[in-house]
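Try each task before you read its solution.

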Amino acid sequence: KPSSRITGIIPSGRDGWELHFAAMNRKQAGEPVIMLSVGDHDFDTPTETVEACVEAVRGGFHHYTQLPGIPGLRAAMAKVSTEATGVPTSVDQVIATPGGQAALYSAVQAVLDPGTHAIVVAPYYATYPGTFRAAGADFTVVETHAETGFQPQPATIEAAVRENTRAILINTPNNPTGAIYSRKSLEGIADICRRHDLWLLSDEVYWTLGGGGHVSPRSLPGMAERTLVINSMSKSHGMTGWRIGWLAGPAELIRLAIDLNLVTTYGLTDFVSRAATQALENRFGVAEIAARYDARRKTFLAEMAGLNRITVRGSEGGMYVMLDVRNVEPDCEAFAWALLDAEKVAVMPGSSFGDAAAGHIRISLCQPEPVLADAAARLKRFVANYR
Ligand code: PLP
């Protein structure tokens, strides 16, 4: 009999992915579909990183690596964590993982026992519920609201704390809303964590795409010892397919993550680790990628400014723009499918990210500016002609 703990961790059904794959099929069949439904870059990994990898492959770096990460990589990650979170971070406070997802999985496993409880702030990244279920943990979804720019409300979060609550999971800059959680919101969450003795799991994989506005809650008073930061080179360094990320936090939890990874990943790819070390040390592509998303966001939002039936929500950082379409069509799935049929623009219905984002569509800025301008024109025409 298959494991009942794993069976059903990813519920099936008509969700945003169905639309994404349908759009991809139509595009492959030759339809001029603009794909704005996925959080992956349209551009390749920076050449310097690719070259560093080729050199490492040619140089014979083909072997098993130290489990927490090769020493240079771990040191580079600790240094970046120090800079990104403002907290001095030693190498024993980081573990390299195959992507941010594996860092998230390790973090959840390290702090939650079966039957314990976590709070997740919504809208959230699609894998969060499955990650909690895989740990046998229960979770409560606490909504944020479009009208308040998808900022978390500490009082609502605190109301969800139970006797067996162990952790709160947040993501800033946020996928899907593009909201950057304010220092005030984060201070409120930190206060709850300190008073109720909770771990804070802080997914910061978009930390470089915040236009300077990103605050890591790890830097707040008393939080370094109770925060695990999920990080990744996927978005910041243009390395989605390389599968490289890391977890930073208290050494006692990192030790657990190392034990867990011994029985799951058994370490990272050698040549990828070498290239990633160089990319982190030299910030390959980081400023360029951040500037590119900033310009794309501005271009797209400028196009949306004159549309009176569409309201921009969140959309301050990360790779996404969130549009409130309720004045056009309350059912965002219906909106997204109709937009694909009529104008061949693929977007994610907000409902695939939890109830708080229902009535919205998520636009991924993963296309060059002229394509985004074309998509904006199609969207405007669609809204003008709708019903
Ligand atoms: N966290 C968030 C909020 C994401 O959007 C993603 C990917 O889209 C991830 C984590 C996982 O990223 P990766 O495993 O590529 O590092």
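Ala, Val, Leu, Ile, Met, Phe, Trp, Tyr, Cys and Pro count as nonpolar, Asp, Glu, Lys and Arg as charged, and the others, Gly among them, as polar. This is a predicted model, in which local features need pLDDT of at least 70, side-chain atom pairs count only at pLDDT 80 or more, and totals for chains, interfaces and linings use all residues. Residues are numbered from 1 along each chain as its sequence is written.

**Exercise 1.** Describe how helix 10 and helix 12 pack.

*Solution.* Two packed helices are described by the angle between their axes and the distance between the axes. Helix 10 (residues 286-304) and helix 12 (residues 369-385) have axes 10 Å apart, at an angle of about 20°. Helix 10 is therefore roughly parallel to helix 12 (angles under 35 degrees count as roughly parallel). Helices here are DSSP runs of H or I, at least four residues, numbered from the N terminus. Axes are lines fitted to C-alpha atoms over the stretch in contact, and angles run from 0 to 180 degrees between N-to-C directions.

**Exercise 2.** Which residues of helix 10 meet helix 12?

*Solution.* On helix 10, look for Ala295, Arg296, Thr299, Phe300, Glu303 and Met304. Their partners in helix 12 are Glu369, Leu372, Ala373 and Ala376 (in contact: C-beta atoms, placed from the backbone, within 7 Å). By class, this contact has six nonpolar, one polar and three charged residues.

Notes:
Helix = DSSP H or I, 4+ residues; strand = E, 2+ residues; numbered from the N terminus. Parallel < 35°, antiparallel > 145°, perpendicular 65-115°, else oblique. Contact = placed C-beta atoms within 7 Å.
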